Amino acid sequence: MNRTPQEVFADHGKRLGTGDLKLIAGNYTEDAVLITPAGVFHGRDGVRQVIGRLLTDLPDADWRLTPRFAGEVLFLQWAATTGTHQVADGVDTFVFRDGLISAQTVRYTLTDRTD
């Protein structure tokens, strides 16, 4: 695969929208590393665990993304709202390699929706 980080990220968003964890994990390298406050997760199984938790926390969310690319790295600030919960402080970092995501950090605070 010879995709730019921007192309990978755009495809990642489309795959997230499907909720299909196997499809989502296909955008990551086999040796991907995801770092979260809950620990370090490895490989596509780790991707499915971390992204599965995110999608469980924020089903059918309305996402607001602010991406900043610098070469093979993406700094992403985000917020999301569901019918019952929200995140106002989401921050991820992505590292891309060979047209896939090779590393990601994920951090957010899930709160009850206040409006």
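Visitor: Which residues is Tyr28 in contact with, leaving aside its neighbours within four places in sequence?
Guide: His12, Leu34, Arg44, Val47, Ile51, Phe94, Leu100, Ile101 and Gln104. Contact means heavy atoms within 4.5 Å.
Visitor: What should I know about the source?
Guide: This is a predicted model, where local features need pLDDT of at least 70, side-chain atom pairs count only at pLDDT 80 or more, and totals for chains, interfaces and linings use all residues. Residues are numbered from 1 along each chain as its sequence is written, and side-chain values use heavy atoms, leaving out hydrogens and water.
Visitor: Which residues touch the most other members of the largest nonpolar core?
Guide: Tyr28, Val47, Leu58, Trp78, Phe94 and Phe96, out of 23 residues. Such a core is a set of buried Ala, Val, Leu, Ile, Met, Phe, Trp, Tyr and Cys residues joined through side-chain atoms within 4.5 Å. Buried means under 20% relative accessible area, exposed over 50%, partly exposed in between (1.4 Å probe, protein chains only).
Visitor: Which element gives the most to this core?
Guide: H3, with 5 residues. Helices (H or I, at least four residues) and strands (E, at least two) are DSSP runs, numbered from the N terminus.
Visitor: New topic. Why does Gln86 count as buried?
Guide: Because its relative accessibility is 19%. Gln86 is in strand S5, residues 85-97.
Visitor: And Thr29, buried or exposed?
Guide: Buried, at 6% relative accessible area. Thr29 belongs to strand S1. Leaving aside neighbours within four places in sequence, Thr29 is in contact with Arg44, Arg97, Leu100, Ile101 and Ser102.
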